[in-house]
Amino acid sequence: MFNETYKLSNGVGIPKLGLGTWLLDDAQAAQAVRDAVSIGYRHIDTAQAYLNETGVGEGIRSCGFAREELFITTKVAAEAKTYEAVTKSIDESLAKLGMDYIDLLIIHSPQPWMEFREENRYFEENKKVWKAMEDAYKAGKVKAIGLSNFLQDDIDNILASCEIKPMVNQILAHVSNTPLELIEYCQTNGILVEAYSPIAHGAVLDNAEVKVIADKYGVSVAQLCLRYDIQLGLVVIPKTANPEHMRNNSELDFDISDADMETLKNVEQIQNYGEHSFFPVFGGKLK
């Protein structure tokens with residue numbers, strides 16, 4: 001699994017499987033990176049909002065592998081909506097990570113989290129954000145640029161005026177919550193889709209219908225969920241600090257049948273993500 005990659009529209013290779021680091025502090029993130037890389041991971045995902053870029057950078061420097069062997073993603077804070085703020089934040093991310101370049105930089109959200117999916121769509125502001133990212137790309141500070149949590153009209157807004165097209169859209173996509181129209185739209189426009197929370201923060205693990213299918217293949221529900229996203233053509237970035245889970249998440253050498261894929265696409269949507277429901281993308285609201 002670790003050697004499998006997709007090609008971004010600019011030719012850059014991105015590993016299909018990455019490690020997510022949301023909710024890990026600096027110390028936890030550093031250790032998680034070291035553990036993941038020792039197991040075989042080469043793709044690490046962080047964000048300015050996670051407040052652990054320093055830890056991720058420490059883990060990368062101490063993992064025993066050269067920087068160029070790894071693929072590192074970070075995200076511009078959702079609240080940074082001016083050219084100047086984004087340019088400054090990119091330099092801050094590079095400093096915290098201790099790197100000369102970032103492999104993939106994405107806008108964390110089209111709106112600040114406190115206004116997520118509300119009336120103000122920030123179309124004009126996001127054009128300025130994108131311009132700052134294009135300039136960072138041209139300057140060699142980042143190898144690829146993309147989006148996160150962008151809906152079709154948010155993407156159309158960028159495509160209408162951009163010089164460099166977005167290469168990625170990182171979205172919530174998992175069994176019981178798969179935005180197939182958005183995925184198809186992105187793929188039609190040459191935008192690779194990445195799935196965060198591909199195991200629904202565990203909310204899908206007790207689903208009896210999904211468990212029956214996992215048992216059929218002799219795999220865990222988590223493994224089935226990751227394979228499902230990959231067969232949809234998505235990158236998966238499950239978050240864990242547990243080395244055993246990291247290993248299990250990488251053991252995806254099986255194929256889900258077309259019939260079972262159709263069943264999984266139509267599993268009843270999760271309505272409650274439990275303790276993680278506060279996160280805007282899960283329908284909650286940041287306080």
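How many aromatic pairs does the structure hold? The structure holds 3 aromatic pairs, where rings of Phe, Tyr and Trp (its six-membered ring) pair if their centres lie within 6.5 Å, and planes under 30 degrees apart count as stacked, over 60 as edge-to-face and the rest as tilted. The model is predicted, so that local features need pLDDT of at least 70 and side-chain atom pairs count only at pLDDT 80 or more, while totals for chains, interfaces and linings use all residues. Residues are numbered from 1 along each chain as its sequence is written, and side-chain values use heavy atoms, with hydrogens and water left out.

Two of the pairs are tabulated here.

| Pair | Centre distance | Plane angle | Class |
|---|---|---|---|
| Phe2 and Tyr41 | 5.0 Å | 55° | tilted |
| Trp113 and Phe116 | 5.3 Å | 45° | tilted |

Phe2, in the segment before strand 1 (5–7), and Tyr41, in the loop between helix 1 (26–39) and strand 4 (43–45), are 39 residues apart, and their pair links distant parts of the chain; helices (H or I, at least four residues) and strands (E, at least two) are DSSP runs, numbered from the N terminus. Phe2 is partly exposed at 24% relative accessible area, whereas Tyr41 is buried at 1%, and both Trp113 and Phe116 are buried (buried means under 20% relative accessible area, exposed over 50%, partly exposed in between, with a 1.4 Å probe and protein chains only).

The charged end of Arg42 sits over the ring of Phe65, 4.1 Å from its centre, and that of Lys143 sits over the ring of Tyr101, 4.8 Å from its centre; this requires NZ of Lys or CZ of Arg within 6 Å of the ring centre and within 35 degrees of the ring normal.
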